[in-house]
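These are my notebook entries on one model. I record what I looked up, entry by entry.

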Amino acid sequence: MSGTQANFKYSCWDFLFTCVGLPLYLVDIGLDIWTAVSFYKEKAYVCLAVLLFLLLVSSLLTQAYSWLWYSYDKFRMKTKVEGWPTKRLLKLLHVFQLGIYFRHAGVLEKAVESFRTKLPDPEGVAVFLSHDLSMLRIVETFSENAPQLTLMLTIILQQGHLDPVTVLKAVGSASAIACTVTTYHRSLRSFLPAKENQKITSSVIYFIWNLVLISSRLTALALFASVLPCFIFAHFICSWLVLFFFAWRSKTDFMESPCGEWLYRATVGIIWYFDWFNVAKGKTRYRTALYHGYILTDICILCAVWCWKMSTDPPDFVIEPMHALITAACVVAVYVLGLILKIIYYKVFHPNPDKDELKGASTEQQPEGEVGLCMFAPATNVAAHHPPAPSAHCNKRMRKLAENFYS
């Protein structure tokens, strides 16, 4: 079946993730408020300022993407919930950081409708909307959740107190980040042809190596920030400038406006600071190797600086130099382990379909002459050569990312 005729199926797992997604999003906001209040009560005003800054930047980014995507789609709403506010009211909702809730509610509306009627979604509206949400969650995760976890680990290291509950919180937060990346991976899988549909094992391996790589990266940043807290901001700015430059050199074409594309490249720089993200077409093996080589070198430097500070200017609590060295070596070794798992995934589980085999190839990709001939052809001939098929909404933005990921 061609890409133009292939429908996007909304599975029971997709329905489950959708129903859980909005409540978890609200719970996350509640936890952010609780954390901010805790910092205020403890008079940790620097940590409170950093947290509020992260929340503000993340919210502004996600709302900006949401509004831009609505404008790219000419404000053609696909659900009753999203169609309720006028264009002016929708703009105000985004200004007041509430626009993304209508996206969540829209996906929930279509998901419940499909589940109640037990009928498939022939136009693929639910999948279309969930694709946008998966990308918005990626933006939120690496602009808010990953820096928050780094902040939490930094506070733990500075206090020198570690208990099982704290460890579970840190592991749970890292797992949530890896789970978001895996959900994004599952979203891209919907573009695969049925014959190359990936099994759940591939998602499990994908989750594990992302968890390992992200945990090692965040731990290294936290170790450095615990001894040189002011320099972590300089480290981020310098690294982001380098990564932003490479994002620009990759000639991305994700957004449909120049300003939106520059915003996307700046966001890619933030994501790359924590984890790899495919943004360009073609073979990415050398770009991925260059990126991981850069990050591995950076992790080694960050851990070496932490070991040096532990020996020359130790904190109030006592840590043996050998223990510090073992800790730093473990952080580096964990990152190398993540790279090995990633190589296994790409060697065993990662499909390499042709670009034209991916679902969602629109008729806009046909030659103009061919489309014109179809317009003037007799109706009977058109029906003979092109049997009717239900028109499915294709998220062009996510299809571009799928082309990058599966290239």
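How do the axes of helix H6 and helix H8 cross, and within what distance do they come? I found that the axes of H6 (residues 125-159) and H8 (residues 200-227) come within 8 Å and cross at roughly 50°. H6 is therefore oblique to H8. For the angle classes, under 35 degrees counts as roughly parallel, over 145 as roughly antiparallel, 65 to 115 as roughly perpendicular and the rest as oblique. Axes are lines fitted to C-alpha atoms, for helices over the stretch in contact, with angles from 0 to 180 degrees between N-to-C directions.

Basis of the entries. I note that the model is predicted, that local features need pLDDT of at least 70 and side-chain atom pairs pLDDT 80 or more, and that totals for chains, interfaces and linings use all residues. Residues are numbered from 1 along each chain as its sequence is written, and side-chain values use heavy atoms, with hydrogens and water left out.

Overall content. I recorded 15 helices and zero strands in the protein. Helices (H or I, at least four residues) and strands (E, at least two) are DSSP runs, numbered from the N terminus. Of the 407 residues, 45% are buried; buried means under 20% relative accessible area, exposed over 50%, and partly exposed in between (1.4 Å probe, protein chains only). I also looked up contacts, defined as heavy atoms within 4.5 Å. Among those between residues at least 6 apart in sequence, 79% join residues at least 24 apart.

H6 with H8, continued. I listed the residues that meet: on the H6 side they include Phe-142, Ala-146, Leu-149 and Leu-153, and on the H8 side they include Ile-214, Leu-218, Leu-221 and Ala-222. The residues of this contact divide into eleven nonpolar, five polar and no charged. Here Ala, Val, Leu, Ile, Met, Phe, Trp, Tyr, Cys and Pro count as nonpolar, Asp, Glu, Lys and Arg as charged, and the others, Gly among them, as polar.

Thr-180. I located Thr-180 in helix H7 (residues 164-189). Thr-180 counts as buried, at 16% relative accessibility. Leaving aside neighbours within four places in sequence, Thr-180 is in contact with Arg-137, Ile-138 and Thr-141.

Pro-229. I found Pro-229 in the loop between H8 and helix H9 (231-249). Pro-229 is partly exposed at 39% relative accessibility. Its C-alpha atom is separated by 10.0 Å from that of Leu-151, 78 residues apart along the chain.

H9 with H11. What angle do the axes of H9 and helix H11 make where they cross? The axes of H9 and H11 (residues 285-312) come within 13 Å and cross at roughly 170°, so the two helices are roughly antiparallel to each other. His-235, Ser-239, Leu-243 and Phe-246 of H9 make the contact with Leu-290, Tyr-294, Asp-298 and Leu-302 of H11. By class, I noted five nonpolar, two polar and one charged residues.

Cysteines. How many disulfides does the structure hold? I found zero, a disulfide being a pair of cysteine sulfur atoms within 2.5 Å. The closest cysteine sulfur to that of Cys-300 is in Cys-303, at 7.0 Å, which is too far for a bond. Cys-300 is partly exposed, with a relative accessible area of 33%, while Cys-230 is exposed, at 63%.

Lys-396. I placed Lys-396 in helix H15 (residues 396-405). Lys-396 counts as partly exposed at 44% relative accessibility. The C-alpha atoms of Lys-396 and Phe-254, 142 residues apart along the chain, are separated by 8.9 Å.
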